[in-house]
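Please look over the model shown here before reading the briefing that follows.

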Amino acid sequence: MFAGVRLTGMLLMAVWAWHIGKSPLKLLGQSWDSLWYTRIATHGYGHTQVFAGGEVVQSDLAFFPLYPGLIRAVCTVLPVTPGGAGLLISWTAALAAAWGIFAVVDRLYGRRVATVTVALWGLLPHSVVLSMAYTEPVLVALSAWSLYSVLTRRWLLAGALAAVAGLSRPNAVALVAAVVLTAAYELLKGRQRGWRVWTGALLAPLGWASYVLHVGIRTGDPLGGYFAVQAGWSSRFDFGSGTLKFIRHLVSAPERFSFPMALVIVAVGVLLLALMAYGMDRRPPLALLVYTGVLVLITVGGAGFFESKPRFLLPAFPLLLPLACAMTKARPRAAVVVTAALAGLSMAYGTYLLTVAPMPM
């Protein structure tokens, strides 16, 4: 089902891309951040872009190493371009992520809710990213199976997967927090004992922390170097000040369609987090609450490219639990209408983002 909805979305995008004279595979495999990842895979780190008379410097050290490392590995064993390798990795990871999401939700709420959750995740407005040479599918696959390991008390596997996820994206710190805090809570409550819990909790932050420290040492500032690199991309945590400034700007001046759409998606994400935490008959376990809460906090509280914020929420699949539970209880006709509306929005908006919108995702 997940593969079907994503293939349909890609087919619609491809038809429109061909209509306007663009290559669908190039759009999917060589757009925006994909170019940075394939450059790193081909030439290694060390590339920078300088703008505004040298005042803004964007370094490729902002990009974590797992995805370009996988691209290089695939190119070594298969006769494909770096962009093609990135797509193969992303498509495979997206399927693994859908399977992992199903496993997590099925364990907590049953097969029907799990099926609807996977369908909704594949039909999110920004789900076109799951078909691109981006890192989100890899992060979600590792996160879903790490969370499943937490739920099934496989602490070593949970910690190991969190450590690998920490090498994929900056917001993988949400998964690290979920594993560590859940392990600490279980130990304090006396529900779990033994060296496996401790070891899993100690393993979880190693990937994320090692890369941040590596960039810091490379830039001459072990603790602050990575965050200085992110600041060059206007990416920093400012407790929502940048988000508020953007909202004021959006209210006072007309903007491209992607910007108000991004604001609506983020606002819906915050609402769904509140429903997830306080509005469900069976509240999700601590690991899912921490993981989702930190992802939403990073998205809302971080400055930077506002149009990218919906993409940052793609890993937060537990946000869909309130809607999925409601749809399984609704009349079939209502569920079909909601699904069809979301499918139309997702496929049309994904096509717009890749073929028309002039700003990065």
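**Briefing on selected features**

Helix 4 and helix 5 are roughly perpendicular to each other, a term covering angles of 65 to 115 degrees. The model is predicted, with local features requiring pLDDT of at least 70 and side-chain atom pairs pLDDT 80 or more, whereas totals for chains, interfaces and linings use all residues. Residues are numbered from 1 along each chain as its sequence is written, and side-chain values use heavy atoms, leaving out hydrogens and water.

**Helix 4 and helix 5**
- The axes of helix 4 (residues 66–77) and helix 5 (residues 82–109) come within 9 Å and cross at roughly 110°, the axes being lines fitted to C-alpha atoms over the stretch in contact, with angles from 0 to 180 degrees between N-to-C directions.
- Helices are DSSP runs of H or I with at least four residues, numbered from the N terminus.

**Asp238**
- Asp238 lies in the loop between helix 12 (225–232) and helix 13 (241–252), and at 18% relative accessibility Asp238 counts as buried, which is defined as under 20% relative accessible area with a 1.4 Å probe and protein chains only.
- Leaving aside neighbours within four places in sequence, Asp238 is in contact (heavy atoms within 4.5 Å) with Gly301, Gly302 and Ala303.
- Asp238 and Phe259 are 21 residues apart in sequence and 20 Å apart in space, C-alpha to C-alpha.

**Annotated segments**
- The unreviewed UniProt entry lists "transmembrane region" for residues including 155–185 and 257–279, and such annotations may be inferred rather than shown by experiment.
- Residues 155–185 are 77% helix and 0% strand, with end C-alpha atoms 13 Å apart.
- Residues 257–279 are 91% helix and 0% strand, with end C-alpha atoms 31 Å apart.

Terms used: Helices (H or I, at least four residues) and strands (E, at least two) are DSSP runs, numbered from the N terminus. Angles under 35 degrees count as roughly parallel, over 145 as roughly antiparallel, 65 to 115 as roughly perpendicular and the rest as oblique. Buried means under 20% relative accessible area, exposed over 50%, partly exposed in between (1.4 Å probe, protein chains only).
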